[in-house]
Amino acid sequence: MIETLTHLSEQQREIQQVARDFATERLTPNAGAWDRVSEQPASIVRELGDLGFLGMLLPEEYGGLGLDSLSYLIALEEIAAGDASTAVAMSVHNSLPTEMILAFGSEAQKTTFLPKMATGEWLGAFALSEPEAGSDASAVSTQAVRDGDSWVLNGTKAWVTNGNRAQVILAMVRTDTPGNRRGSRGISAFIITPDLPGFHVGKKEDKMGLRASPTVQLSFDGLRVPADRLLGAEGQGFVYAMQSLEAGRLGIAAQAVGIAKAALEHAIKYTRQRHQFGKPLTEFQAVEFKLADMATRLHASRAMLHTTAAAKDRGENVGAHAAMSKLFASETAMWVTTQAIQLFGGYGYVTDYPVERLFRDAKVTEIYEGSSEIQRIVIGRAVTAS
Ligand SMILES: Cc1cc2nc3c(=O)[nH]c(=O)nc-3n(C[C@H](O)[C@H](O)[C@H](O)COP(=O)(O)OP(=O)(O)OC[C@H]3O[C@@H](n4cnc5c(N)ncnc54)[C@H](O)[C@@H]3O)c2cc1C
């Protein structure tokens, strides 16, 4: 047993314990069943809200806990260790729509949306990607046209986490005109609610992992959005989204750390009790070395994440460091879960044990909120800039 390092404050350790208890009691025992049926009870969102986990970064005046990023990411790691599908709902909600409204919204938008988002009464989603615009997100084609005191939106958003259960969706759409395209400066952010006429939930993706987290297409068919739902300034939506994705990347790094932590814990437990050649697997040095490497890479991922989060909380520019954290943590999660399956042997390859699910859940952390290749582009640009 490795001692926990004590760089966390007493309050942060308390938050960690609350999240760990919730994960142990409510998530870990159910994650396998939710994965099999590809859904989880709707009450989970409210339970996260009741614990304050859906408004951790929001100031108290908007119903949040007013906590620092590190506290939030510590809680997110524990939730991810219990169930990565629950963690992505929490990460997207906290890092993207709520943060965008807080950072760029009008006072009326903040008071209308944030208190209900903080309790989990309203879950948030972030709709940037489209079928033809993924890594190159500035290529979105969903179009908004001004019509009196509203905007009329047409187009399709893809891969929207929480999209079929969110009450608040931050959507990035074009507000420039076909005759005057302005690239990423022609994109604006809108606060969409599913009650608006012309809002439709489309195909639900049948995914390899994160199966209990709904990922859906949304279609906007003449969706009429009141003008006061434009977030911030017209033409700034892409800039807002990119700034918010910095926090999002730390959230996905925390999710990856949580998945790796769970895989390591399962591997330690299993190799202690599994006997071959008359002794526990942990007594073979090849096994012990593998566990040592898993623990070391996990510790490095967590240390990088915590250092970056603490720097962000001090107001430092952490763009490239957030990309490094996400890159390293997600590739660690993939590597650690692969090793865990190896340590379980054939039992790692079947659904009787959770490591095959953790392996499937880990993969997407290398893909969404900027793939590993995109993180390397961000880091590469930073290290080669003069
Ligand atoms: C489960 C899940 C949930 C998601 N949730 C959301 C969400 O809530 N909101 C949202 O907006 N989006 C969401 N996404 C979309 C996600 O962000 C995109 O899938 C991701 O950005 C990659 O885009 P793409 O899938 O179109 O792949 P592509 O951009 O087509 O990339 C395909 C491959 O090419 C590589 N590639 C692309 N460009 C370059 C380059 N310049 N150099 C080197 N390699 C490159 C990529 O790294 C990747 O390996 C989600 C995706 C998944 C799978």
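Arg146 stands opposite Trp151 in strand E3, in a predicted model for which local features need pLDDT of at least 70, side-chain atom pairs count only at pLDDT 80 or more, and totals for chains, interfaces and linings use all residues. Residues are numbered from 1 along each chain as its sequence is written. Strand E2 (residues 143-147) pairs with E3 in the antiparallel sense over 5 bridges, where pairing requires that DSSP finds at least two bridges between the strands, and where helices (H or I, at least four residues) and strands (E, at least two) are DSSP runs numbered from the N terminus. The two strands E2 and E3 form a hairpin with 2 residues between them, and Gly148 in the turn has a positive phi of about 65°.

The chain is divided into domain 1 (10-123), domain 2 (126-235) and domain 3 (239-384), with bounds that come from an automatic or database domain assignment. The centres of domain 2 and domain 3, taken over C-alpha atoms, are separated by 31 Å. Between these two domains, 9 residues of domain 2 are in contact with 8 residues of domain 3, contact being defined by C-beta atoms, placed from the backbone, that lie within 7 Å. The side of domain 2 that touches domain 3 comprises 6 nonpolar, 3 polar and no charged residues; in this classification Ala, Val, Leu, Ile, Met, Phe, Trp, Tyr, Cys and Pro count as nonpolar, Asp, Glu, Lys and Arg as charged, and the others, Gly among them, as polar.

Because domain 2 and domain 3 both give residues to the shell around the ligand, the ligand lies between them. Of the 20 residues around the ligand, Gly134, Ser135, Trp159, Ser371 and Glu373 come nearest, a residue being near a molecule if its C-beta atom, placed from the backbone, lies within 6 Å of it. Strand E1 (124-127), strand E3 (150-161) and helix H11 each supply at least two residues of this shell, and its largest share, 3 residues, comes from E3. By class, the shell has 11 nonpolar, 6 polar and 3 charged residues.

Helix H11 (residues 372-384) also packs against helix H9 (residues 319-344), at an angle of about 145° and with the axes 9 Å apart; axes are lines fitted to C-alpha atoms, for helices over the stretch in contact, and angles run from 0 to 180 degrees between N-to-C directions. The contact is made by residues including Ala323, Leu327 and Glu331 of H9 and Gln375, Arg376 and Ile379 of H11. By class, the contact of H9 with H11 has 7 nonpolar, 4 polar and 3 charged residues.
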